[in-house]
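Please walk through this structure one part at a time. Keep the sequence beside the 3D view while reading.

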Amino acid sequence: MHRTRAALTPRRRTTAALFAGLTAAALLLTACTGSASPAQSGATGSADANASLTVGLVLEPSSLDLRHTAGAALEQVLVDNIYEGLVTRTQDNKIVDRLAKSHEISADGLTYTFVLNDGITFHNGAKLTSADVVSSLQTAKDDKTVQGHADLAGVASITAKDDKTVVVTLTQPSQNFLFSLTGTAGLVFQKGDTTDLQAAENGTGPFTLTQWKKGDSLAFARNDKYWGTKAGVKSIVFDYIPDFTAGVNAAQSGTLDVLTAVDANLAPQLDKKFTVTKGRTTDKGTLAFNNTKAPLNDQRVREALRLAIDHKAIIEARGIGTTLYGPIPQLDPGYQDLSGTAPYDPDKAKALLKEAGQENLALTLTIPSFYGSTVPQLLTSDFKKVGVKLTVNSVEFPAWLDSVYTKHDYDLSFVLHVEPRDFGNFANPDYYFGYDNPEVQKLYAQSQTELDAKKSAQLLSQAAEIVAKDAAADWLYEDQTLTAVRPGVHGFPQDSINSRLDLRGVTVTK
C-alpha cells in the first residue's frame with residue numbers, strides 16, 4: 001500500500017555516484033550501538049493479488065540504463081524484476097535457470113547449451129527467441145561500453161542452434177562463466193530494440209516500469225503477461241530515502257511496508273510494528289593499502305596496521321556485521337577462517353613498525369564522506385596506540401573515484417565492496433590495491449579453469465590465505481543487512497538484498 005508522503009518532508013535527497021568494476025554502494029549501516037530482536041508477525045489471511053508494496057531503499061540509480069551504467073542500485077531493483085538472463089542466482093548465490101529451462105555443460109567445460117522456456121515475451125509484446133539472446137551476449141562481448149563486457153572475454157562463439165537453443169563456446173574452461181551470466185553480462189534484451197533505456201525499459205521480467213520520479217521513487221506494475229509464475233503483488237513503489245532516521249520515521253508513520261538497510265541503532269524503534277530480519281551479504285568493509293607506495297610496499301608495515309586494528313570493537317561499535325579477516329566472504333567459494341592472520345596485537349604491531357624503521361609513521365585515510373565517522377574514528381584511535389598518526393580525508397564520491405580508484409593516489413582507503421566473487425581484484429596488479437603476487441595470480445587463474453567446483457574453491461582458498469598473510473589489505477568486517485517488514489508482508493528476501501532484490505514471490509495478506 002502506498003500511503004501519503006507528507007510524513008517524509010522535509011527530506012534530504014542525495015545520490016551517490018556508482019562506478020564500473022567495484023559496484024560499491026552506500027547501502028551501509030552508520031555508527032550504531034545496538035540491534036533489534038525480530039518481532040513476530042501474527043498476520044493471517046489469504047494473499048491479496050491487488051496489493052501494492054512500498055519499499056524504502058537507500059541508494060537511487062542515476063539512470064535506468066543497466067547496459068551502460070554500473071552499480072548495485074540498478075542491479076538491486078532491475079535484475080530479475082524487469083530484466084532477466086538465461087540464469088540467475090538465489091539469495092545464497094546458488095545458480096538457477098531463469099529464461100533457460102535447462103542448460104548443459106560439455107565434459108571439457110567449453111560448450112554451454114541453453115534451451116529457452118516457452119512463451120517468453122518482452123514487455124512490448126515481442127516474442128523472445130534465441131536470436132535475442134545471441135544478440136545480447138554478442139553485444140556485451142564486443143562492446144567495451146556494455147556492463148559485463150570483461151566477463152565474456154573468454155567466449156569464442158555464441159550461436160543459435162534453433163529458435164529456442166543457444167550454444168556458447170569458450171576458449172578455455174571457466175569456473176565463473178555461468179555465475180557471470182547471472183549479472184549484467186547475461187541479461188537479455190530485444191534485438192534491434194530502440195527503447196531509450198536511460199528512462200524506460202523493455203525487459204521480460206515479472207514487473208514493468210510505470211513511473212520514475214527522479215530524486216523520489218520508482219514504481220513497477222505486475223506484468224500480467226509474464227511467461228512464468230506471476231508476481232504476488234499488483235504494484236511496487238521503491239521509495240528512496242537516503243537518510244536513515246527519515247526512513248525509520250516513514251516506516252513508523254505507515255508510509256512504508258518494508259524498510260531496507262535499517263540502522264541498527266534505530267532498529268529497536270521498529271520492534272513493535274515490524275519484523276526486523278538480519279541478512280547475509282557479500283559486502284566486505286575493505287581497508288585498502290596502496291601496495292605500490294612506500295612505506296606500504298613493505299609487508300611488515302601492512303601487517304602491523306592489521307595487527308593494530310581491534311576488529312571485534314568495530315563490530316561492537318557498528319552493532320551489526322561479523323569479523324572477516326580475508327578477501328573472500330562466507331557466501332563465496334573459497335571462504336575460510338583467516339582470523340589467525342591478524343589477531344589484535346598492538347605490541348607486535350609496534351615491534352614490526354620498529355623493525356621496518358617506521359616508528360613515527362603518518363598516513364592519510366581517504367574515505368567517501370557518506371560512510372560516516374565510526375570507522376575513521378576507530379582506526380585513528382587504534383593506530384595512535386601503536387604510534388601511527390592517521391589523518392582522515394573525507395571526500396565526495398567523485399573525488400574518491402578520481403584520486404583513489406583511477407589515479408591510485410592514496411595511502412589508505414575504505415570502501416564497501418559489495419560485488420560477489422570479486423577475489424580477482426587481488427589477482428589484478430592494475431587494480432587500485434596495487435597488489436602484485438605472481439603465485440596468487442597463478443592460483444586464481446587455475447581456479448577459473450578448474451572444472452571441479454570443489455577443487456576450484458580450494459585453489460581460491462589457497463590464494464586468499466596468501467593475500468591475507470601478505471596483508472594486501474585489511475577486511476574490517478563482513479556486513480549484514482537489517483530489513484524491517486510489516487505484518488502481512490510475506491516472502492520478502494533477507495540475504496544479499498544490497499545487490500539483488502527479486503520480489504516476484506512477495507505477497508501481502510488481506
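Rings of Phe, Tyr and Trp (its six-membered ring) count as a pair if their centres lie within 6.5 Å. The model shown here is predicted, and a search of the whole structure finds 24 aromatic pairs in it. One of the pairs is formed by Tyr226 and Trp227, whose ring centres are 5.2 Å apart. Their planes stand at 50 degrees, so this pair is classed as tilted. Planes over 60 degrees apart would be edge-to-face, and those under 30 would be stacked. Tyr226 has a relative accessibility of 3% and therefore counts as buried, since the cut-off for that word is under 20%.

Another pair joins Trp400 and Tyr432, with ring centres 5.6 Å apart. Here the planes are at 80 degrees, so the pair is edge-to-face. Trp400 belongs to helix α9 (residues 397-406), while Tyr432 is in the loop between β15 (412-417) and α10 (438-449). The pair therefore ties together parts that are 32 residues apart in sequence. Trp400 and Tyr432 are both buried.

The charged end of Arg318 sits over the ring of Tyr477, at 3.8 Å from its centre. Likewise, Arg421 lies over the face of Phe179, 3.9 Å from the ring centre.

Just after the helix comes Gly319, with a positive phi of about 80 degrees.

The last stop is strand β10 (residues 235-240). Of its six residues, five are buried, so the strand is largely enclosed by the rest of the structure. Which strands pair with β10? Strand β1 (residues 52-57) pairs with β10 in the parallel sense, over six bridges. Within this pairing, Ser52 has Ser235 of β10 as its bridge partner. Strand β9 (residues 217-222) is joined to β10 by five bridges, and these two strands run antiparallel. Leu218 stands opposite Phe238 of β10. In a regular strand, side chains alternate between the two faces of the sheet.

Note on methods:
Residues numbered from 1 in each chain as written. Predicted model: local features only at pLDDT ≥ 70, side-chain atom pairs only at ≥ 80, totals over all residues. Heavy atoms only, no water. Buried < 20%, exposed > 50% of the residue type's maximum accessible area, 1.4 Å probe, protein only. Helix = DSSP H or I, 4+ residues; strand = E, 2+ residues; numbered from the N terminus. Lys NZ or Arg CZ within 6 Å of the ring centre and 35° of its normal. Pairing = 2+ DSSP bridges.
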